[in-house]
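Dear colleague,

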Amino acid sequence: MEFDLLIRNATVMPGEGPALVADVGVRAGTIAAVGGGLAGTAREVIDATGLMLCPGFIDLHAHSALEPFRDPVLEPKIAQGFTTEVINPDGLAPAPVDPARAEARRLYLQPLEGPGPEPWPWTTGEEYAAALEAARPATDLVLSVGHNAVRDHVMGSANRHPSPEEIRAMRREVRRGLEAGARALSFGLIYLPGLFAGTDELVALAEEAAAFGVPLVPHVRNEGAGVVDAVGEMIEVARRSGASLHISHLKVIGDERLVEPLLALIDRASQEVDLTFDQYPYGAGSTMLSALLPPWAQEGGAEAILGRLADPGQRARMAEDVRDGLRSWENIYASCGPENIVIVQAAGDAARHVGRSLAEVAEDLRRDPFEAALDLMAQTSLDVAMVDHYASEATTRAIFRHRLALVGSDGIFGPRPHPRLYGTAARVLGRFALRERLVPVEEAVARLSARAARRARLDDRGRIEVGLRADLVLLDPERFVDVATYDDPCLSPPGVRLVTVAGEAVYRDGRPTGARPGRVVLPQVSR
Ligand SMILES: [Zn+2]
């Protein structure tokens with residue numbers, strides 16, 4: 001047989017099940033043969049003795065919706081072996097969008113997703129997908145329908161329940177996205193305007209996801225003191241709608257005693273609901289700084305928020321709510337404390353605060369730390385992001401060990417990102433599995449590949465098997481480990497020899513090749 005690429009004597013991780021030493025032959029973008037001593041010639045032959053060959057990794061929570069318009073190579077992702085990314089998580093998506101509201105949407109998404117092209121040349125999900133594919137990303141990008149985008153499109157950022165007609169309109173938009181090939185319905189119940197949605201609204205839209213067999217993927221309403229109730233709400237939505245449920249970045253912000261009851265709830269619910277979750281393997285989160293604001297202060301979107309930040313009376317009310325808390329509100333500021341919230345990205349002059357905690361910024365400005373946070377939001381027009389340290393290493397590992405855990409990097413691009421952008425896959429496989437043996441190595445690989453593919457209904461990838469796409473990661477298990485840190489985050493893991501997307505090398509010996517074979521538009525899942 002004539003191959004394009006022949007990898008000999010690799011320790012092959014099939015995606016599920018035990019490793020075997022074998023040769024793998026690739027032809028026309030597909031895995032053409034797997035076996036011992038394959039006969040044949042190839043344009044390129046690699047002796048992979050002592051190296052581990054895995055299916056390309058799948059990032060189940062990626063903020064890569066607009067980055068490809070700036071840098072389609074997506075080096076932090078391919079350098080750790082990610083070949084497929086599920087985008088538009090947290091309900092947040094650049095489409096569908098009303099042209100009159102596109103600028104407000106861009107302002108709001110910017111700290112998480114970057115700005116994208118100027119102006120956005122799309123209104124519908126199909127137009128967005130076409131523009132994204134035309135940017136020629138290196139990885140495959142799998143769309144989700146974002147509930148927040150749909151709600152904003154139909155209702156603006158209103159803080160009220162939808163009318164029956166608005167529910168019908170939102171269901172139509174969800175269906176349209178799923179018919180275009182989206183593989184999830186994502187929710188962001190701390191973000192605009194999803195935070196104004198009640199449980200019944202979520203159930204109505206979840207019924208559309210159930211009809212297509214794609215999971216609900218929520219950032220739940222509260223990851224702090226109210227996390228058990230908030231996860232319980234999504235379990236109820238799954239149960240009532242019949243949809244499967246994949247909870248984004250499971251964690252507890254603040255009180256670690258809640259981890260045990262939370263995992264117990266998930267165990268119980270998994271007996272009647274098709275349930276999984278993902279985790280980024282770190283004890284700190286990262287998001288837009290405006291996530292510190294109480295829900296009422298976010299009503300009306302970016303411009304309304306900026307108006308309130310200019311009003312001393314409204315600022316005093318925000319400070320009061322942060323101090324006293326509000327029922328069922330997450331209150332990240334009070335849970336973490338200003339010394340544990342670090343500015344990682346800020347527009348304009350505020351960039352000089354990058355790398356400092358809010359406590360340090362406050363000292364510098366001789367301000368109260370929460371007032372300093374409000375100043376930064378106002379000064380940057382909300383283009384400011386944080387890393388919030390909320391959990392111990394032990395708790396992060398306790399969640400990681402759970403049998404239903406999968407992997408989502410939640411990687412947010414920027415000059416000083418959370419290290420998860422560069423380190424997630426290597427921390428899961430290299431540190432937690434290969435070095436610390438928290439789970440077996442084949443279990444870590446399954447979470448990064450075969451089981452993730454099944455979750456996202458991607459039947460053509462995720463395993464090393466004849467006929468599947470040649471998305472492959474060849475790595476040295478002795479060297480592959482995360483090296484990105486909070487202080488020095490832009491470091492890719494060592495030990496990655498080769499990464500292919502559909503048989504094409506996108507990363508080789510520590511460098512991107514420049515090839516960008518990724519696709520965006522995927523066929524609809526069979527209903
Ligand atoms: Zn999230």
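Helix α8 (residues 227–241) packs against helix α9 (residues 259–269) at an angle of about 15°, and their axes lie 9 Å apart. Because angles under 35 degrees count as roughly parallel, α8 is roughly parallel to α9. Axes are lines fitted to C-alpha atoms, for helices over the stretch in contact, and angles run from 0 to 180 degrees between N-to-C directions. Helices are DSSP runs of H or I with at least four residues, strands are runs of E with at least two, and both are numbered from the N terminus.

On the α8 side, Val227, Val228, Val231, Gly232 and Ile235 make the contact, and on the α9 side Pro261, Leu262, Leu265 and Ala269 do so (residues are in contact if their C-beta atoms, placed from the backbone, lie within 7 Å).

This is a predicted model: local features need pLDDT of at least 70, side-chain atom pairs count only at pLDDT 80 or more, and totals for chains, interfaces and linings use all residues. Residues are numbered from 1 along each chain as its sequence is written.

An open sheet is formed by 3 strands in the order β6-β7-β8, with parallel pairing (two strands pair if DSSP finds at least two bridges between them). Its edge strands, β6 (57–62) and β8 (140–142), each pair on one side only. Neighbouring strands of this sheet are turned by 25° against each other on average, direction ignored. Between β6 and β7 (residues 82–87) there are 4 bridges, and Ile58 has Thr84 in β7 as its bridge partner.

How values were computed:
Angles under 35 degrees count as roughly parallel, over 145 as roughly antiparallel, 65 to 115 as roughly perpendicular and the rest as oblique. Two residues are in contact if their C-beta atoms, placed from the backbone, lie within 7 Å.
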